[in-house]
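I opened the notebook to keep track of what I looked up.

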Amino acid sequence: MTDAVPQTPGFKSGYVTMAGAPNAGKSTLLNRILGEKISIISNKPQTTRHRILGICHRPGAQIIFCDTPGIFIPKDPLNIKIVDTACGAISDADVLLAVVDAAHPDLSSETLLSEKISGLKLPIILALNKVDLVADKGILLEIIARWSARLAFAAVVPVSALVGTQLDDLIDAIIRALPEGPPYFPEDMLTDAAERFIAAEFIREKIFRLTGEEIPYASAVSVETYQLNADRMRLSIEATIHLERDSQKGIIIGKNGAMLKRIGTEARQDIERMTGRRVFLKLFVRIQKNWRKDAKAIERFGY
Ligand SMILES: Nc1nc2c(ncn2[C@@H]2O[C@H](COP(=O)(O)OP(=O)(O)OP(=O)(O)O)[C@@H](O)[C@H]2O)c(=O)[nH]1
Ligand SMILES: [Mg+2]
């Protein structure tokens with residue numbers, strides 16, 4: 001139906017990689033722009049582990065956002081893979097959207113990000129996020145001055161992904177920087193990620209939000225069954241939470257199973273919202289000793 005898209009003169013399209021330090025608000029910004037939850041969010045750094053594509057349709061333009069894991073100095077094999085994913089997405093882009101947390105400026109992560117993106121032959125837009133938390137606007141000017149001394153930007157836009165401030169200005173700046181070209185995706189498409197993948201991500205998000213210490217970082221989620229029932233109304237999902245050590249199992253299950261139940265209920269609600277179907281979600285917990293150091297396990301879990 002929408003597959004054969006007519007070419008309109010002056011139409012703009014392209015890939016916009018969102019890059020930044022962990023916790024800068026990249027995934028929040030993507031979801032807010034799309035008006036749908038596609039990428040998972042938590043207040044802990046290193047929530048996103050994959051490239052997540054989000055397609056934004058505007059009159060005369062199609063912006064294909066690529067949310068990426070935060071860039072930091074990785075120490076273990078899993079994080080080396082994850083940061084590689086983010087850096088790979090930078091070189092593939094038509095436009096780079098650098099997202100920085102203006103409320104918690106951090107010089108070492110500014111240096112790291114600017115080193116990764118300097119030398120790129122593509123327009124770079126700087127989004128200063130979380131301005132809702134910045135009372136003293138002089139701080140924004142300082143951050144802008146610091147960044148402008150390092151790199152030349154096509155635009156600098158202060159935004160709040162959480163509140164939704166100045167997002168239209170950001171979109172306009174991105175469209176200006178995009179090359180002319182036809183839309184790559186049909187108009188009704190928001191992401192190329194499979195529902196099954198996003199379901200696993202929703203479960204991982206609940207682990208990030210509800211558990212502390214090392215548990216979120218030691219967890220991976222795989223979906224074993226993802227089945228539509230005969231009446232096509234209900235979805236049965238079986239998923240496994242993989243952890244590294246026996247001691248972590250008790251924490252994720254919780255007292256009388258309360259933690260696992262809460263993770264399951266909150267993830268199910270998100271999956272129901274996404275699919276518009278009733279969902280039966282069954283969670284299992286498995287220990288895969290030190291999987292973050294095991295190249296095969298890292299690959300098996302999709303990283
Ligand atoms: N106050 C405020 N908080 C924000 C804003 N944008 C994001 N946050 C919060 O910042 C935290 C991190 O947001 P994420 O969207 O997960 O950040 P990220 O850059 O995707 O992080 P990683 O995936 O770990 O790289 C969450 O607690 C968000 O609610 C904002 O504009 N204002
Ligand atoms: Mg993220």
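The entries below follow the order in which I looked things up.

Entry 1. I noted before anything else that this is a predicted model.

Entry 2. I asked which residues are closest to ligand 1. The shell has 23 residues, and the closest are Lys26, Thr28, Gln46, Thr48 and Asp132. I then sorted the shell by class: twelve residues are polar, seven are nonpolar and four are charged. Helix α1, which runs over residues 26-34, gives the most to this shell, with three residues.

Entry 3. For Gly25, a polar backbone atom is 2.8 Å from an oxygen atom of the ligand. For Leu162, a backbone N or O atom lies 3.1 Å from a ligand oxygen. For Ser42, the distance from a backbone N or O atom to an oxygen of ligand 1 is 3.4 Å. On its own, ligand 1 has 660 Å² of accessible area, and the protein covers 91% of it.

Entry 4. I checked the pockets next. The largest pocket is the space that ligand 1 takes.

Entry 5. How many salt bridges does the structure hold? I found 16. One I wrote down joins the side chains of Glu244 and Arg292, at 2.8 Å from N to O. Glu244 is in the loop between β8 (234-243) and α7 (246-253), and Arg292 is in the loop between β9 (278-287) and α9 (295-300), so the pair ties together parts 48 residues apart in sequence.

Technical notes: Residues numbered from 1 in each chain as written. Chains lettered and ligands numbered in written order. Predicted model: local features only at pLDDT ≥ 70, side-chain atom pairs only at ≥ 80, totals over all residues. Heavy atoms only, no water. Near = heavy atom within 4 Å. Polar contact = N/O pair within 3.5 Å; in protein donor to acceptor, adjacent residues only side chain to side chain. Areas by Shrake-Rupley, 256 points an atom, 1.4 Å probe, with all protein chains shown as cover. 1 Å grid on protein atoms, 1.4 Å probe; cavity = no way out; pocket = protein on both sides within 12 Å on 5 of 7 lines; lining within 4 Å. Sits in = over half its atoms within 2 Å of the grid points. Helix = DSSP H or I, 4+ residues; strand = E, 2+ residues; numbered from the N terminus. Nonpolar A, V, L, I, M, F, W, Y, C, P; charged D, E, K, R; others polar. Salt bridge = Lys/Arg side-chain N within 4 Å of Asp/Glu carboxyl O.
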